Every structure is written in structure tokens, then in C-alpha cells.
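Please look over the sequence and the model shown here, and then read the report that follows on selected helices and strands.

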Amino acid sequence: MTEKKSANKSKPRGQKGLRWQDPYLQREREKYEFPLPSREFILQLVEEAGGPVPGDDLAFRLDIDVEEEAESFRRRLGAMQRDGQLVINRRGDLCLPDKIELKAGRVDGHADGFGFFIPDDKSGDMFLSEKEMHQVLHGDRVMCRERGLDRRGRKEGKIVEVLERANTRVVGRLYREHGHQWVVAENKRINQDIIIPPTESLKVGFGQVVTVTIVEQPSKHSPAMGSIVDVLGNYADPGMEIEIALRKHDLPFEFPKEVAAQAKKLPKGVTKRDLEGREDIRDLPLVTIDGDDSRDFDDAVYCEPMGRGFKLWVAIADVSHYVTPGSPLDQEAYERGNSVYFPRRVIPMLPEELSNGLCSLNPNVDRACMVCEMEVASTGTIKKFRFFPGVMHSKARLTYAQVWDWLNAPELAPADKAHVLPHLQNLDKLFHVLLKARSKRGAIDFETLETKMLFDEVTGKIEKIIPYARNDAHRIIEECMLAANVCASEFLKKHKHSTLYRVHEGPTSIKLKALHEFMAEFGFVLAGGDEPHAKDYADLLAKIKGRPDEQLLQTVMLRSLQQAVYSPENKGHFGLAYESYTHFTSPIRRYPDLLVHRAIRACLDGKTYAPGDWEAIGAQCSKTERRADEASRDVVSWLKCYYMRDKLGEEFDGVISSVTSFGIFVALNDVFVEGLVHVSELGQDYFHFDAARHQMLGERSGKRFRLGDKVRIKVAQVELETSKIDFVMAEEAKPAGSGSPAPKKTAGPGTKSAKPGQPEAAKIAAPEKKAARKPAAKKPKS
């Protein structure tokens, strides 16, 4: 391409003015000092050509300067290829993927060796055989072509080209045998072993946990090759489960030097310059209410009666004042997306100088804050609100347990905290007003059991697991935060300013149909038809409350809902029954909240905050949130496996928590651990999986295992390597519904059911749980 371009220097330049006909030219000029033709314009020209286009010809037509622009133009075409917008064929010509029946997407690996191609256009997944998976790893971006249907009727794909490799470093365990050594990845979706040269790692022990850099990616004819860069230690070392999770999920856990340096340069407290343009509310008796072991306090509250209603102040740490757009701190916060909460350890979004210091609303110190001041009517309606930057002085750091105790027994409040008690009582009164409004609005309240792990200080492993009860002190803060979040959303809507909304859509048509069918078996109807409202869910929950099968019905309802995400498109929050909702109250630990703060401040100053592509930013924040949840879940699962190691052969009572094509998952009542009873252990029968009824049904015996059924199991096997616990039935399984009213239709031997071997249903994500993300570390906030 370069030689041909050099020859072009002596020729007349390309079509006069074609380059300047780019409809996105002005946008490119605003973004770059030396703008190139936009991606959209390049795609337009390739499409208009009606066939493959030589890259040199396109460069000539667009008047690309050989000396100064050729390399930048080549990089732009390469980026378009990586993003699946263009394909470069064997001749080096540019092609449109859909014209040659190719799709861009990512590879989703499976522990059993096969995988799936997930297309960007959401046109339907394609099965990838083990042979196809040999050349890629989980997460790689590829171009794929549909090759037909496999023997099970699924669309099957063929990988044509690898666009981008997702894995450069992998954490796993080292094994060696007969002079060969390899690393087995902790991420079981990476099924291929990574070969380590025999000259390496002679001092690394067999089975030790290591981090490897992939020096040679897998291909059709050769496996992945790696080089050991870090030895983490033995698998059961204290804290190893977290070290593995951090690397397995590619979580940033060390702050780069430039980020740490910027954090250290910040002042230790509020300066005179910080006070400029702020309202002084230091005399307002604001307090923070958090968990016993919380260290970052990003919200403070105060309430006082006003006529028949109340006036509520919610003061939030003004992180945006210190973390400026584009700074090293900002870029790192964007990459992290949120703080990650593990048992006994936190990976903060911001360095401790901010998260626990300058931005944290610690007691008895001045702090910069963004305040939402609300007037709440006696009906719970927010009549009026305003936002303003302020400076505050927290009067006390309180815990949920303290507040709950003092509200129930005021005499327990110590003398040095007696002055805050009347304010807490006002907050409690406001809470009951907001609670009535919540009920009237129709917000969904699922009752879920939360647990807390108590650890052995020496081994760092679980000593016992206990149920964790939420009290009204938690809910007081939750309602105050919901009110402020709604006001933030309304404020930005009123000013027509772009932002990230917290979007929770209603159930999909497929899940809704399944829910209607399931509830009908028990004589219940979910009102609202094809478009139910949250209140319809809430009304149905009220009807089933107190029934023996309440947990079963509630679980099925919960699993019908979608997962909440961040998006610039306001689609409302179904679960909370809000037409508009955003996150404003936790900028220390959530990047979307920081963006909302910047947008609000811009509106107050008569400006516009434009961080870039809001859609892409929302996708990034949603991705980092899921990543954090998955990492936390991995750590908890491993710790629970370790906890169950010495309980082999013991029997426990439990409840069926999930039903799949390969067996039933059982949650144990007293130890709050979940394990699998494989379908082969259910009895001497052919059991068929019925996804619609959430059950396993015996073909000959009619024996049924249904979601929510009580069973007794024996612990059969515990695998630390895979974090799996296997159970077997301890006694003859009881028929479903024992001890509970039978549904109208009873499945029997002749009941139509799913075919044996039906693939496991896709994981059904619940809406955001208010306290599960970081138990006992921070208050629940929606």
C-alpha cells in the first residue's frame, strides 16, 4: 500500500472536494487537530462502490497525504476492522461484512470446550464446536459466518477471522508431567490449557497459583503459549480467593503512579478556595448512618417538620469538585466503574485519600458536598426541591444498629448523642410517610434472605454463616436516597440535559408468558395483561404472602424481571415504579453518580457537560457493575466450598432453589450454602426438565422435584478447584407440594415435558438487590 501511494504523489490529487463532502467533517474537526474522513463516510464510499474497494484507491480518492496521513488512515481502517465495520479480504480490499455474509461479535466459552458466538447485532447466537474454539479464547472478538444447523437444530458458526484478543494475562494453576508443564485457567470458560516452556518455572510448585502472559495466542494448529510473570502462592493460602478473582475478572486493583501522585497532591481538608460559590450549611445537624464496618461515608441526612409535611436535606460528597474530567483520577475511576466489595476487603474506585478521607463525610470535619433539599408533603409527594453546592460539617457517625436501638428505646441513646435523637425520630416519621407513598406508587418489595459471613481471624476462612436482618434504620436511609435520586433525574429532565439513567425494564414477552402460565397453575392471575405495571406485581405479592409456597411463587416472579442497567435513554425503573430514575447518592463508589453530579453542576452553572458517547459510557458502567458482582460471587462461592470441606457425609435440610436440565440446586437452611443434586442422583427413573413449571418430573414414577420444595440431602463432594458442591438425596424425596396446597393442574406421567438433554435455560437476572452487593459494608441503595 505504501509503495503504491508513493507512486500516487506524481499523479493529480483525488476527486476535488470529495473529502470535504464528509457529513461528519465538523465533528471530526472538533475532536482532532488533523481530522481524517469519518468512519461513517468511509463506510458510505465502500457501500457506494458496489464491491470490494482497494485501500490505496480509497486513500487516493480521499486525498490522503502519503507523508503525513497514511499511517493514521491505516490505523483508522484497522480500528474499523477490529470493530467489525469492515473486512479486509485476501487481496487486501475493503469489504462490508454483511455483503459477504459475515457478522462481528464475541466468543462466549463454555467449560466443556464448546462455545457460542454472540453477534453484535443481536441476531441470534451461533454454536461453536470444540474444533472452532481451538483457535480462540473466551471473550475474543471475531468475524463469523453461519454454516448451517447442528444435529440439535442450533445455528452453527464458523470463525473466519479473529478481530481482537481479549486475554493477554491469565491466572491459573501450574501443572507438570513427563517434562511438560501447562497452566489451567481459573476462568473455566477458558477451556484450553496454556503451555509453559520447559525452561520456565522450575521453582514453582505443582498446583501453585500463577499469573501468565500469553505470548502466543491459540490458532487452528497450535495451542496458546504463556510465560509466568507472577507466583501468587498456594491455592488455600489466606486471601488467595480474592487475589484469583481480581485477576480472573481483570479488575484493576493497583492505582497507577500518576493516579496515586494526583491523589497525594490533593489537600487534606476543605480550603478557603473550596468554599467559593458554596452555601454554608455547617450548622445543619447532618449525620451519616451506615454499617458497622463502613469507612467511606458519601451521604448525610437531616429532616425537620414543616407544616404537615417535612423538609429533608440529603448531602452527598462532592467528588466532582476533586475528580475533574479527563484527569488521571477520572480515567482510572471510569475504568474501574465502581468499588468492589469482597468479604473483609474493598477495592475502591478512588484512592483512599479521597474515598476514606477528603470526600468521605467523616464526623466533625468540614466537607464539600452537593445538596438536594426537598419539601415533602404529608402524602409523601415531593412538592419542591433544589440542588446546590454546599459545605457541611457532620455532627455524628451513626450505625444502623444504633439508630434502630435508639428509635425503639430512646433511653439507650448515650448522653453525647442525645442531641441527634429528635432528628432521628423526625427521619423515622418521614420514612413512614414515604413508605405509604411507595406502597401507593406500587413499588415491588421482594423479601429475600440476606446472610453475613463471620471469619476466623487466623485462617481468614468462614467460621459460620448467619442470617442478616435489615431493620427500619436501613430503610430510612434507603427512602431518603431514593427521594434524592428521583429529584436528580427530574432536575436533569427539566433542564433537558443528557445523563445516565438507571433503567429497569419490565419483563420480556417470553418471560411474562411463562410467568402467566406458571401462576395460573396455582389459581393466580398477574394483572396488566401483556404490559403489567409494578403495582400488579406488588398486588400479587400481597396475595401470596403467608402461603406455604410463598417462597416458590415469589422466586418465579423475581426471575421474570430483567437486570437493571445504565443508559442515556430513559425507560423508567419498573421495580421501583418510577418513570424516571438515576443514581446520584454514591459518587465515591459509583462512576455513574459522579457523571450525574457533573451534569447537575453544569446545569446550575448554565453550561453543558459532554463526556462523550453516553451510550458507550452507560455500557461500560453496566459492564463494570456486572464484573464486580461476578467477582464477589466467585469469592463467596469459594469460601463456602472451603467451609463445607469438613462436612462430607453430613445431612442437611434445604429448599430447591433452582431447577435445570442437569439437576436441582438446593439451598441449605442452617448453613446458607447451595449445592447441586445431579439428575442421576434423583432416583431410578428418567427425569425430564420442565422449564415452564420449574420442575423435574419422573417419567415412570411421577415423582416431582419443584422449585421451592423441601428436601433432605447429604454432602457428597466438595471441589475447591471449581467451587462446586455436590449433594445426594438423603432419603426418599417427597412429592412436590407436600405440606402445601396442590396446584390446580398436577403433573403426572402423561404430562408433556421438556425433552431429556434440553440445554440449561439462560440465567435470569433479578433487578438490583438493595443489600446483597456488599453485605455489612455499606448501606443498601437502589
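## Strand pairing

Strand β12 and strand β13 (residues 224-233) run antiparallel and are joined by 7 bridges, where strands count as paired if DSSP finds at least two bridges between them. The model is a predicted one, in which local features need pLDDT of at least 70 and side-chain atom pairs count only at pLDDT 80 or more, while totals for chains, interfaces and linings use all residues. Residues are numbered from 1 along each chain as its sequence is written, and side-chain values use heavy atoms, with hydrogens and water left out. Helices (H or I, at least four residues) and strands (E, at least two) are DSSP runs numbered from the N terminus.

Strand β2 is joined by 2 bridges to the antiparallel strand β3 (residues 93-95), and V87 stands opposite C95 in β3.

Helix α15 (residues 534-544) has the buried residues A534, D536, Y537, L540, L541 and I544, buried meaning under 20% relative accessible area, exposed over 50% and partly exposed in between (1.4 Å probe, protein chains only). These residues lie on the same side of α15, because they cover an arc of only 160 degrees around the axis, the arc being that of the directions from the helix axis to the C-beta atoms. On the face turned away from this buried side, α15 carries the exposed residues A542 and K543. Just after α15, G546 takes a positive phi of about 90 degrees.

The buried residues of α15 pack against α14 (509-520) and α16 (550-559), contact meaning heavy atoms within 4.5 Å. Helix α16 is largely enclosed by the rest of the structure, since 8 of its 10 residues are buried. They are E550, L552, L553, Q554, T555, V556, M557 and L558, and what covers them includes α14, α15 and β32 (704-706).

Two packed helices are described by the angle between their axes and the distance between the axes. Here, axes are lines fitted to C-alpha atoms, for helices over the stretch in contact, and angles run from 0 to 180 degrees between N-to-C directions.

| Helices | Angle between axes | Axis distance |
|---|---|---|
| α9 (residues 328-336) and α18 (residues 614-644) | roughly 60 degrees | within 8 Å |
| α11 (residues 400-408) and α12 (residues 421-441) | about 90 degrees | 10 Å |

The crossing angle of roughly 60 degrees makes α9 oblique to α18, given that angles under 35 degrees count as roughly parallel, over 145 as roughly antiparallel, 65 to 115 as roughly perpendicular and the rest as oblique. In this contact, Y334, E335 and R336 of α9 meet A616, I617, Q620, T624 and R627 of α18. The residues of the contact of α9 with α18 divide into 3 nonpolar, 2 polar and 3 charged, where Ala, Val, Leu, Ile, Met, Phe, Trp, Tyr, Cys and Pro count as nonpolar, Asp, Glu, Lys and Arg as charged, and the others, Gly among them, as polar.

With an angle of about 90 degrees, α11 and α12 are roughly perpendicular to each other. Their contact is made by V403, W406 and L407 of α11 and by L421, L424, Q425 and D428 of α12, and by class it has 5 nonpolar, 1 polar and 1 charged residues.
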